[in-house]
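This report describes a predicted model. The sequence and structure are shown first.

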Amino acid sequence: MSSSISFTHNKYYSWCRNNLFSSWINGIITILSIYFIYEVSSFFLNWTIFEADFVNNFRGEKITDRTFCSKNIEPGQHGACWAIIIVRFHQFIYGFYPVEEAWRVNLVYGLLPFALVGIFFDNLPFRKYFIYFTFLFPFIGYFLLYGGAGLDVVGTSKWGGLLVTLFLGVTGILLAFPLSIILALGRRSKMPVIKTICIIFIEFIRGVPLITLLFTANVMLPLFLPEGVRPDNLLRALVAVTLFQSAYMAEAIRGGLQAIPKGQLEAAQSLGLTYWQSTRKIILPQALKISIPPIVNTCIGLFKDTSLVLIIGLFDLLGVGRAAVADIDWAKLHYEVYVFISLVFFIFCFGMSRYSLYLEKKLKTDNS
Amino acid sequence: MSNSFLRKLIFDEKIRSLVVQTLIIGIFALIIYLITQQTAYNLEKRGIGTGFGFLNMSAGYDISIRLIPYTSESTHFRAYLVGLINTLMISICGCFLATILGFLVGIIRLSSNWLFRNIAYVYVEFTRNVPVLLQIILYYTILLYLPKIKQALVLFDTFYITNRGIYSPSPIFKDGFSIVAWSFVIAIIFTIFLKKYFKKKQDQTGKQYPIFYVNSALIIFTPIIFYYIMGMPLDFDHPILKGFNFKGGMVVRPEFMGMLLGLSIYTAAFISETVRSGIMAVSKGQREASQALGLKNNLVLRLIVIPQALRVIIPPLTSQYLNLTKNSSLGIAIGYADLVHGFGGISLNQTGKAIEIMSMVMITYLTISLTISLFMNIYNKAVQFKGNA
C-alpha cells in the first residue's frame, strides 16, 4: 500500500501521467507516436550509421567508386554510402580551390568567428576592436581568398562549395547592412523624393523572386556597363544577393525604428542635436537593438537562398552536390549527398535561429 | 549676400531639403541616362534589336505541363501565358496544401501530449532550416525513383503511380453536367442565406438550430440528386498502357508533384509557427470565460479562439503566401515549366531580348504579389476587431 503511494508521487511518474497519458485519447496518441518514432528513427539510424559504408565496404575494401558501395554489391541490404562525401570532401568545402592553397580558405574560416562575435554579443570585452575587425574582414578575406600581392591569384571560378555559400551569405549580409539602414531611414524621411525612391526600391525587390534578380544581374549587368568592365559571375550574384537582402533587412530595421517612442527624437532635438546626431546617437542604437532578432531571421532566409545561385551556374554547396551526383563514377547516390548538404545548412540555420531566440529572451528581460 | 545664401543653404531646413532632393533627382537622372546610353550602345554592337515584336514569333520549344493548348509552333506570348498559368496553378495548389498542413502542425504543436507536439517540433525545425530549393530537388529525386511505367503501382485499379507521373482517369462531361454543376453552386448560395436566416432566428428566440448538418446535407445531396435526375452525365476516360506510355486519362507530372511537395512542406513549417503564436496570443481568460459559460471544447475553439487568433495569423500568413508564390519560380531547377523556366529561360536564350523578357517576368510577379496582398488585406479588414462606434 505505502509503496504504491510513494510510486504515484514519483516525479517521473506524475510527469508521464500529465504529459503522456492524461486521457485515454492521449494514451493512444502516445503509443502511436512511440511507434512512429521507433519506425522512423530505426530506419534513419540504420540507413545513416549502422548499415552505412564510410571508408570501406562490408568486404573491407576501400571504396573508390560507386561499384564498391555495399548497397550496390548487395542491393536492398545496406544503408548509405558516405564514401562519396569523404572522397569529394575537398570539393564540398573549398570547391575547385587548389589543394596547396586551401590553408588560405581555412584561415578565412578561422577568422570568420572573430569577425562575427563582435556583432553577436554586446557584453564582450574589447567589443569595439572586434567591430573594427568585422568591417575590415571582407577586405582581408577577399585578399586571402583571391590572392595578389605575394599570394597566388585564385580566380572566383575556382571557388565553390561551402566557400561560395558562406562568401555570398556573409558578404551579402555585411554589405547589405549599411545599405539597409540608409533605406530604412530613407523610407521614414520627410523628403518626398527620398521616401518615394526608397519605397519603390524596397517594394520592388520584395515583390519579385530572388531568381529573377539573379537572372537580371547575370544577363543585364554586362549590358549596363561599359565594355571593359566585366564583373565575374560570383560578383554579379553578390550584387543581386546584396540588393535583395538590403530590402528585407530595411523592413526589419524599419520595424525597430517604428517602435522607438517619438519622445526620444523630440528629447534629442530639444537638446540641440541635429538629425544625424540624434539618429546616430539616440535612435539607431535603440532601434537596431530591438530589430536584431528579425534581422537574424532575414539572414537565415538569405543563407538558405544562396543555394539559388546554382541556377545561374555557380557551384555553391548544392551546386557541387548536384555535380557530384551527376558524376558517372558516383551516380545514383543522391540521397547521401542531399542529406549531407541538408545537415550543413541545418547546422548553420538552426544555430542562427537559436541565437535569435536567445536574443529575444534577453531583450524581454532587459525591458521589464 | 553670398554668405547669407550659403547660411540658408545649410541651416534652413526647407531650402536644404529642397536642394538635397533636387541633387538626388539629378544624380538619378544622370545614372539612368548613362545606363540607357550604354545599354543601347551594347545592344547595337551585339546586333540585338529592342521591342516586343518577338512575342508574335514562333517559340519553337515544347512545354509538357500545360493547361491551355500549346505546340512548339505557338508564339512566345503563348509560352508566356502557359508559364503564367503554371505559376498560378502551383502557387494556388501550394498555398492550399500548405495552409491545411500548417494549421494541422500548428495545432499539434499546442497539443498537451509531450511526444506528439515534439514530433511536430522536429518536423518544423528540420524543414524550415533547410533551403526550399534543396527540398524540391530531394522530393523530385524520390519521385523519380518510383517504379517505371511497365511496373506501375496500381491503386484501386484506377491510379497508376510511375516515375513519369501519377496517371488517373479524366472526367468527360456529357450534356446536362452543367446543370449538376449549377445545382451545386446554387446549393452553396442557398446555404449562405439559410445560415443567415437561422442565425437571425437564433438571435431572436435563443433556440439553436442544426445549421451545420442541414447545410452539409444540402451541399452534398443536391448535386447527387441532380446527377441521377440528369441520367449520370459523367464518364471517365481511363488511362491504358499502350507501348511505352499511357494513353488517355490525366497525369500529374513528377515535376509538379515535386514542386508541390517542396513548396507546401517548407511553407507549412512557417505557417504552423504563425498559427501557434496566433492561438497562444489569445489570452487564457477568453478560453476560461467561455468554458465557464458552458461552451463545449470544440465550440470554444470555433467561436472564441479561432476568430481572435485569425486576427494575429492573417498578416504573417499573407507574407507566407507571397513567399510561396515567389519560391514557385524555383521550378527551373527540376524542369517545372513555370514563368521563369519557359519564358524567362528558354525564350530569353532564343531571342536574346533580356530586358524585355526580364521586365515582363518581374512585372508579372509584382502584379501577382500585389494582388495577393490586396485580397489578404481585404480579408484581414473583415476579420479585424470592429470597435463599436
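**Chain A**

Chain A is built with 16 helices and zero strands. Its radius of gyration is 26 Å, well over the 21 Å that the globule rule gives for 368 residues, so chain A is more spread out than a compact globule. Taken along the principal axes, the C-alpha atoms of chain A fill a box of roughly 75 × 75 × 40 Å. Of its 368 residues, 35% count as buried. Among contacts in chain A between residues at least 6 apart in sequence, 66% join residues at least 24 apart.

**Nonpolar cores**

The largest nonpolar core holds 142 residues, of which Leu214(A), Ala237(A) and Ile136(B) touch the most other members. Helix H12 of chain A (residues 233-259) gives the largest share of this core, 14 residues. A second, separate core has six residues, including Ile166(B), Tyr167(B), Phe246(B) and Val251(B).

Beyond its neighbours within four places in sequence, Ala237(A) is in contact with Leu168(A), Leu214(A), Ala217(A), Val309(A), Ile312(A) and Leu314(A).

**Contact between the chains**

Between the two chains, 42 residues of chain B are in contact with 41 residues of chain A. On the side of chain B that touches chain A, helices H2 (13-46), H4 (114-128), H5 (132-144) and H12 (354-383) of chain B each supply at least two residues. The largest share of that side, 10 residues, comes from H2(B). Its make-up by class is tabulated below.

| Class, side of chain B that touches chain A | Count |
|---|---|
| Nonpolar | 28 residues |
| Polar | 12 residues |
| Charged | two residues |

Definitions and conventions
Residues numbered from 1 in each chain as written. Chains lettered and ligands numbered in written order. Predicted model: local features only at pLDDT ≥ 70, side-chain atom pairs only at ≥ 80, totals over all residues. Core = buried A, V, L, I, M, F, W, Y, C linked by C-beta atoms within 7 Å. Buried ≥ 20, exposed ≤ 12 C-beta atoms within 10 Å, placed from the backbone. Helix = DSSP H or I, 4+ residues; strand = E, 2+ residues; numbered from the N terminus. Contact = placed C-beta atoms within 7 Å. Rg over C-alpha atoms; globule rule 2.2 N^0.38 Å. Nonpolar A, V, L, I, M, F, W, Y, C, P; charged D, E, K, R; others polar.
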